[in-house]
Amino acid sequence: MNKTDAFFVTLKLYIKFIFMLTQMLENILVAQIEKEAYSSNLYLAMASWAENNGFEGTAQWLYLQAEEEHIHMLKFITYINERGGKAVIPALKQPPIDYIDIHDLFDQVYKHERLISKSINEIVGVCMEEKDYSTSNWIQWFVNEQIEEEKSVKLILDKLKLIGLHSLYLFDKDIVLMRNTASKA
Ligand SMILES: [Fe+2]
Ligand SMILES: [Fe+2]
C-alpha cells in the first residue's frame, strides 16, 4: 500500500470512528435486522401456504413482499457496518405454517406490519434520545415505507371484507394488479 492509499484508509477509519453509532442505537438497529429477516421468512411461509391452497396471485404478491423485506434487512446490515457498528446475522424462529383462510392470512400480515411500524418508531425515538440526526434522517425512509405497507395491506383487507368468502378467485387475480398499480404510483 502506498502512502496515499494508507492516508485514505486511515481517513476513512477516522471518519467512521467520529460518526460511530452509540451502543444503544447499534443494539436497536441490530434487533431490527432480525425483524426484517423474520418478516421475509414470514411472507415466504405465507406464500407457500397460498401456493398450496390455490391462491397463486396471493403467493406472487407474498413472494415479492418477502424479497422487499430481504432488501430492508440488507439496508440495515450495510448501514450499521458503515457507521462503525457490527451487523449480527441472527438465527430466526420458524414462522407459522398454517392459516385458517385468506382473511386470517392478511389479518396476520396487517398485524405484523403494525408491529414493524412500532419498532421503526422506537428507533426514531432512540435517534432523538441519542441526538443522532444522521440516523434519524436515514430511518425516515422506513417511516414512509411503513405508512405505504400498512396502507396497501389495509386496502387488501377492505377488499376481502367486501367480498367475504365469494369471488376469492377474482380477488386472487386482482391482487397482483394492485401491487403493480401501487408501484407505478
Ligand atoms: Fe420491512
Ligand atoms: Fe414490511
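Colleague: What pLDDT does the protein average, and what percentage of the residues score at least 70?

Modeller: This is a predicted model. The protein averages a pLDDT of 92, and 95% of the residues score at least 70.

Colleague: Where in the protein is confidence lowest, and where is it highest?

Modeller: Helix α6, residues 168-184, is lowest with a mean of 74, whereas α2 is highest at 98. Where pLDDT is low, the predicted coordinates should not be read in detail.

Colleague: Why is E67 called partly exposed?

Modeller: E67 has 13 C-beta neighbours inside 10 Å. A residue is exposed at 12 or fewer and buried at 20 or more, so E67, with 13, falls in between and counts as partly exposed.

Colleague: Where is E67 found?

Modeller: E67 belongs to helix α3, which covers residues 56-82.

Colleague: Which residues have the most contacts inside the largest nonpolar core?

Modeller: They are M46, A47, A50, L62 and L105, in a core of 16 residues. Two or more residues come from each of α2 (23-52), α3 and α4 (102-129). The most come from α2, which gives six.

Colleague: What does L105 touch?

Modeller: Leaving out residues up to four places away in sequence, L105 touches M46, W49 and Y99. There is also a second, separate core of 14 residues, among them L25, A37, M73 and F142.

Conventions: Residues numbered from 1 in each chain as written. Chains lettered and ligands numbered in written order. Predicted model: local features only at pLDDT ≥ 70, side-chain atom pairs only at ≥ 80, totals over all residues. Helix = DSSP H or I, 4+ residues; strand = E, 2+ residues; numbered from the N terminus. Core = buried A, V, L, I, M, F, W, Y, C linked by C-beta atoms within 7 Å. Contact = placed C-beta atoms within 7 Å. pLDDT = per-residue confidence, 0-100.
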